[in-house]
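Hi there,

Here is the model I promised to pass along.

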Amino acid sequence: MMAPLFSSKLLIVLLFGTLFGLILGVLPGLGPTTGGALILPFTMTLDPLSAIVLLTSIYCAGTYGGAITAVLINTPGTPAAAATCLDGYPLAQKGEAGRALGMATVSSTVGGIFSVIVLVFFAPVLAKLAYEFGQPEYFALAIFGLTMLASIGEGSPIKNLIAGAFGILISTIGKDFMTSIDRFTYGINELSVGIGFIPVVVGLFAISEMLTQSTLLDQVFKRVALKAVKLPSLDDYKKTWKTILRSSGIGSFIGVLPAEGGTVASLIGYSEAKRFSKEPEEFGKGSIEGIAGAEAANNAATGGAMVPTLALGIPGSATTAVILTGLIIHGVRPGPDLFREQPDFLYGIFGAMLIANVLFFIFGFFGAKLFARITLVPNKILWPMIFAVSVCGTYSLSQSIIDVWIMLFFGVLGFFMRRFGFSVVPVIIGLILGELVEGTLRQSLVIFDGNWLMFLTRPIALTFFILSLIALAFPLLRSKKQKN
Amino acid sequence: MNNVQNKKRANKSLPFFFKDEFKVFFVIIFFSTILLISTFTFDKVPPILNRGIQPATFPKGLLVLIMFLTTIIYYLSFKNPWKKEKKLPKPFFLTILSFILFVVISKTLDFFLAISVLSIFVSYNWGERRVFYLLLVGIIFPLVVFIFFEMILGLRFPPGIITNLYYY
């Protein structure tokens with residue numbers, strides 16, 4: 001499994017990816033999704049395995065890195081670390097920042113490694129199942145993915161659905177891939193090839209965040225001093241091992257579902273830790289179980305989210321959508337055939353994720369103090385630099401200035417979407433699934449001779465449609481229950 | 001909690017067309033309608049080449065779905081008004097202005113110059129006054145990025161008054 005990784009080049013890529021991921025995770029507003037999108041053009045100089053190893057190591061380390069800022073400055077470096085703030089910062093305020101970070105590091109590593117094991121065993125099974133899928137099943141699966149995203153993602157499910165539909169709509173811009181008829185191009189030649197994924201991702205994440213930061217210039221962070229990261233004590237292990245395992249399971253499961261991966265997983269992991277705890281009253285005041293529950297879950301979601309990405313070509317989170325784009329750019333088509341034809345490539349990815357989890361444990365344990373200092377870089381210096389990289393990175397993919405303008409447009413749009421409670425993640429997932437949704441729908445209708453009701457005669461497709469309905473009904477039932 | 005209620009109350013007292021809910025509803029419906037109308041101008045394929053549905057049908061369906069869902073969120077906002085967002089500060093508008101400057105300069109003068117101007121403009125308006133740091137973000141760093149992309153990725157940047165000096 002590890003054989004392809006025993007080359008010095010891949011190990012250097014892995015080391016760089018883990019360090020870069022940690023830095024991205026530590027910086028509030030950045031994260032593995034933005035970082036992955038920014039580094040995607042550079043991966044063109046690498047072979048496919050190195051490129052994906054780089055992206056996955058950024059994903060694993062970036063997810064953990066968010067915990068450092070969550071504990072020390074009460075600001076999650078990534079959205080997935082939001083639940084870590086709830087107990088990490090209060091514990092740090094009590095003078096136990098080292099203990100809080102130690103628990104975050106250990107539980108993140110356990111969660112991450114657990115999820116890689118799930119990935120190794122579950123992805124090939126899912127890939128085998130996917131052989132049974134025809135066009136109608138893929139259509140139903142994509143719809144299920146989008147409804148799950150709307151249902152359990154952050155914010156209002158209806159707003160998430162609108163954002164997802166908008167993402168699919170963007171994918172229809174350009175020449176229709178079946179008939180070559182122009183759609184929404186308005187005579188602009190550059191639009192006939194469609195709107196690229198990178199300008200949209202960089203715009204919606206990096207540029208919209210730059211605009212958000214421009215509204216927060218008067219914000220002052222209170223940093224808690226950190227002497228050194230401490231390994232959890234035997235008492236802490238006794239108290240948290242069940243929570244870590246439970247959250248690892250929850251995180252891996254949530255990760256497999258096409259939703260917002262780590263963010264949702266950490267919130268559920270945290271609330272379940274509280275529900276099962278013997279000291280629930282300690283939650284929010286610096287509970288070590290709270291940190292373990294949130295961190296194990298968000299890192300467990302990384303491996304989980306890679307399962308549908310590799311087995312079906314359906315991303316489990318925004319960052320895996322970037323990884324999926326990386327795969328496609330490098331000519332690797334995810335899906336069942338990948339498991340049959342390129343097992344070495346896949347095991348290279350699995351091994352890289354495993355090593356990345358061990359590496360961020362080492363870097364986190366010995367370097368958290370150093371990484372925390374990165375947050376001292378002022379926004380007025382950092383964000384213009386990020387802008388320069390965003391612009392050049394976006395331009396580099398197709399050497400088109402229009403792409404840069406599209407990036408700016410989506411930056412402004414993303415800012416207002418977030419301001420009014422629309423998550424930008426469904427737009428990304430919708431954009432990447434758009435061609436699949438439309439293509440499979442149209443091909444299904446050809447198979448069914450235009451009879452929509454024939455979808456109901458396919459058991460797998462019908463199951464996905466029923467699950468989609470349940471996913472849509474779930475928020476209604478949840479809000480009714482909360483009212484009661 | 002009180003703060004949120006106060007914000008909600010403040011939003012409730014505004015005339016409907018000033019409320020965020022209406023503005024969002026109006027913008028989405030307006031642009032969706034324009035896009036929907038434009039789908040009627042798409043070419044049609046003859047039935048023999050038609051793969052299931054016409055090329056315009058799918059985007060039409062999406063736009064109708066978006067308009068329907070937008071109407072639902074607007075309707076739901078009567079029962080549960082959105083909280084009123086804080087007024088946007090001056091640096092936000094200056095950052096937007098810098099984007100416009102970027103587009104104009106990159107189109108008319110030079111791509112590198114546009115990045116430099118934006119970086120210095122943003123950094124200055126966000127509070128940086130030290131000349132070294134303004135030069136760092138406006139000239140040194142973009143130059144490093146520019147050369148890095150050019151050498152590592154073999155990227156050729158669009159011609160312009162400064163970029164031409166580098167290439168020729």
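Helices (H or I, at least four residues) and strands (E, at least two) are taken here as DSSP runs, numbered from the N terminus. On that basis chain A has 17 helices and two strands. The radius of gyration of chain A, taken over C-alpha atoms, is 22 Å, close to the 23 Å from the globule rule (2.2 Å times the number of residues to the power 0.38) for its 484 residues, so chain A is as compact as a globular protein of that length.

Before going further, a word on conventions. This is a predicted model, in which local features need pLDDT of at least 70 and side-chain atom pairs count only at pLDDT 80 or more, while totals for chains, interfaces and linings use all residues. Residues are numbered from 1 along each chain as its sequence is written, and chains are lettered from A and ligands numbered from 1 in the order in which they are written.

**The two chains**

Along its principal axes, chain A occupies a box of roughly 65 × 50 × 45 Å, judged by C-alpha atoms. I call a residue buried if 20 or more other C-beta atoms lie within 10 Å of its own, exposed if 12 or fewer, and partly exposed in between, with C-beta atoms placed from the backbone. By that count 61% of the 484 residues in chain A are buried, while in chain B the figure is 24% of 168 residues.

Chain B has seven helices and zero strands, giving the pattern α-α-α-α-α-α-α along the sequence. Two residues are in contact if their C-beta atoms, placed from the backbone, lie within 7 Å. Taking contacts between residues at least 6 apart in sequence, 59% of those in chain B join residues at least 24 apart; for chain A, 79% of the contacts with a separation of 6 or more come from residues 24 or more positions apart.

**Where the chains meet**

Across the interface, 52 residues of chain B are in contact with 48 residues of chain A. On the chain B side, α2 (20-39), α3 (57-79), α4 (90-108), α5 and α6 each supply at least two residues. The largest share of that side, ten residues, comes from α3(B).

**The core**

A nonpolar core here means a set of buried Ala, Val, Leu, Ile, Met, Phe, Trp, Tyr and Cys residues joined through C-beta atoms within 7 Å. The largest one has 185 residues, and those with the most contacts inside it are A:V71, A:A142, A:V201 and A:I428. Helix α4 (residues 82-130) of chain A gives this core its largest share, 22 residues. Chain B takes part as well: domain 1 (2-79) and domain 2 (90-167) each contribute at least three residues, with the domain bounds coming from an automatic or database domain assignment. As for A:A142, its contacts beyond four places in sequence are A:I314, A:L433, A:L436, A:V437 and A:T440.

**Helix α6 of chain B**

This helix is worth a look on your screen. The expected span of a helix is 1.5 Å times one less than its number of residues. For the 22 residues of α6(B) (residues 131-152) that should be 32 Å, and the end C-alpha atoms are 30 Å apart, which agrees. There is a bend of about 35° at B:V137, the bend being the angle between axes fitted to the seven residues ending there and the seven starting there. B:V137 is also one of the buried residues of α6(B), along with B:G138, B:P142, B:F146 and B:F149. These buried residues pack against α14 (379-398) of chain A together with α5 (111-125) of chain B. Just after the helix, B:G154 takes a positive phi of about 65°.

**A few single residues**

Most residues other than glycine have a negative phi. A:F184 is partly exposed, with 18 other C-beta atoms within 10 Å, whereas A:Y186 counts as exposed, with 9.

A:S398 lies in helix α14 of chain A. Leaving out residues up to four places away in sequence, A:S398 touches A:G196 and A:D403.

Best wishes
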